[in-house]
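I set out below what I looked up in this structure, entry by entry. The entries run from the whole chain to single residues.

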Amino acid sequence: MKTMIKNLILDTDLGSDVDDVGAVALANVFHNHHLINLLCITHTTSDKYGPLIVEAINNYYNNSNLEVGVYNGPLFKDELIKNSYNEPTVNAFYHKHNSKEEMVDSIKLLRQKIANNKDITLVFIGQLVNLYYLMTSNGDEFSSLSGLELINQNVKEIYIMGGSFPEITEIKSDLINGEYNLLTALKESIYCLNNLKVKTTMIDYTLGKDINVGAKLVNKYHDKNIVSYAYQRYIYKNQDCSRSSWDLIAIYRACIEDDLFNEVGPGNIDIDEKGITKFQLSKKGNFYILKANKSFKEIEDKIEEWLLEENEDE
């Protein structure tokens, strides 16, 4: 029986942490290997270089035709620290890039792609700002349905890198308050988690924290590879150029459902005013928690193998 290729949309806050670079690269790799049909990538913060480096990565992997959506809402998460790697990487690898002002609005692009496709997989590896604006959007030229109605009709599953569920992952958490992605857009996170009805898998903060990727790529390609280049500019975070792989795990699992992980559920999620999340098993629930089924070393090796393979094919 032939496996259906997933129609997939990735939403990222690329710019603050470098694992988004690896995740966007992986999405391109899986698209090139025909494991997914990558419909578009949307960006969810006000950082002007964020969507440009997404374009640069797409171009590096020969996917310059992929549309990139930009966030046009109120100023959100535009710290100067983001220029540690994103501006230099854009300048080094993508000289003929569009300006942010020339790109399509993320919510408009999301509505267009969801209205025109079926059985879509949505992957959110940053704050849920674009998901919130999508869910609360009204009908437009693409569909008379509201955003939530569009999701319920055409989206098959959602993957969210967010939350902390140590009681499920069996990994000790060092978080005092809520997980970063959910906490930094708390109003939007609460709305989304309380109103989603389709199957939604959460990638726990504790799961990706100690799964580190990047060093092998840097050691082999140095400045010749766009991912390696960006990871090196983030070196002050980790001297061997590896980085926690929260976002890479999210896109990997969304595209490849192998035995590296399993999903615990279904169940319901509660999120409080501090962003703290709790999971309770329920047959009527629609949420699942991702749990490692192999050693962290095996997961690291598999993810990095995919990043290395694409370059060896060039």
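The entries that follow begin with the model itself.

**Basis.** I worked on a predicted model, in which local features need pLDDT of at least 70 and side-chain atom pairs count only at pLDDT 80 or more, while totals for chains, interfaces and linings use all residues. I numbered residues from 1 along each chain as its sequence is written, and side-chain values use heavy atoms, with hydrogens and water left out.

**Overall form.** I found 14 helices and twelve strands in the protein; these are DSSP runs numbered from the N terminus, helices being H or I of at least four residues and strands E of at least two. The radius of gyration is 18 Å, close to the 20 Å from the globule rule for 314 residues, so the protein is as compact as a globular protein of that length. That radius is taken over C-alpha atoms, and the rule is 2.2 Å times the number of residues to the power 0.38. The C-alpha trace spans about 50 × 45 × 45 Å along its principal axes.

**Burial and contacts.** I noted that 59% of the 314 residues are buried (under 20% relative accessible area, with exposed over 50% and partly exposed in between; 1.4 Å probe, protein chains only). Among contacts between residues at least 6 apart in sequence, 81% join residues at least 24 apart; contact means heavy atoms within 4.5 Å.

**Nonpolar cores.** I define a nonpolar core as a set of buried Ala, Val, Leu, Ile, Met, Phe, Trp, Tyr and Cys residues joined through side-chain atoms within 4.5 Å. In the largest core, of 66 residues, Leu8, Leu10, Val21, Ile57, Val123 and Ile251 touch the most other members. Beyond four places in sequence, Val21 touches Leu14, Ile53, Ile57, Tyr85, Val227 and Ala230. Another core, of 36 residues, lies apart from the largest one and includes Leu150, Ile151, Val155 and Ile168.

**Helix α2.** I counted ten of the eleven residues of α2 as buried, so this helix is largely enclosed by the rest of the structure. Among the buried residues are Ile53, Glu55, Ile57, Asn58 and Tyr60. Just after α2, Asn62 takes a positive phi of about 65 degrees.

**Aromatic pairs.** My search of the whole structure returned ten aromatic pairs. Rings of Phe, Tyr and Trp (its six-membered ring) pair if their centres lie within 6.5 Å; planes under 30 degrees apart are stacked, over 60 edge-to-face and the rest tilted. The rings of Phe30 and Tyr252 have centres 6.1 Å apart and planes at 65 degrees, so I class the pair as edge-to-face. Phe30 lies in helix α1 (residues 19-32) and Tyr252 in helix α13 (residues 246-255), so the pair ties together parts 222 residues apart in sequence. Both Phe30 and Tyr252 are buried. I also noted Tyr60 and Phe93, an edge-to-face pair at 5.9 Å between centres and 80 degrees between planes. This pair links Tyr60 in α2 (residues 50-60) with Phe93 in α3 (residues 86-93), 33 residues apart. Ring pairs also join Phe30, Tyr252, Phe261 and Trp306 into a cluster.

**Charges over rings.** The charged end of Lys199 sits over the ring of Tyr288, 4.8 Å from its centre, and that of Arg233 over the ring of Tyr229, 3.6 Å from its centre. The criterion is NZ of Lys or CZ of Arg within 6 Å of the ring centre and within 35 degrees of the ring normal.

**Asn86.** Where does Asn86 lie? I placed Asn86 in helix α3, and at 0% relative accessibility Asn86 counts as buried. Its contacts beyond four places in sequence are Gly15, Asp47, Tyr49, Gly50 and Ile53.

**Strand β10.** Glu263 lies in strand β10 (residues 261-271). Glu263 and Ile289 are 26 residues apart in sequence and 5.5 Å apart in space, C-alpha to C-alpha. Beyond four places in sequence, the contacts of Glu263 include Tyr159, Lys199, Arg253 and Tyr288. Pro266 also lies in β10, and the peptide bond from Gly265 to Pro266 is cis, with omega near 5 degrees.

**Positive phi in loops.** Most residues other than glycine have a negative phi. I recorded a positive phi near 50 degrees for Asp119, found in the loop between α4 (106-115) and β5 (120-124). Asp119 is exposed, with a relative accessible area of 54%. Phi of Glu170 is positive, near 60 degrees; Glu170 lies in the loop between α7 (166-169) and α8 (180-183) and is exposed at 62% relative accessible area.
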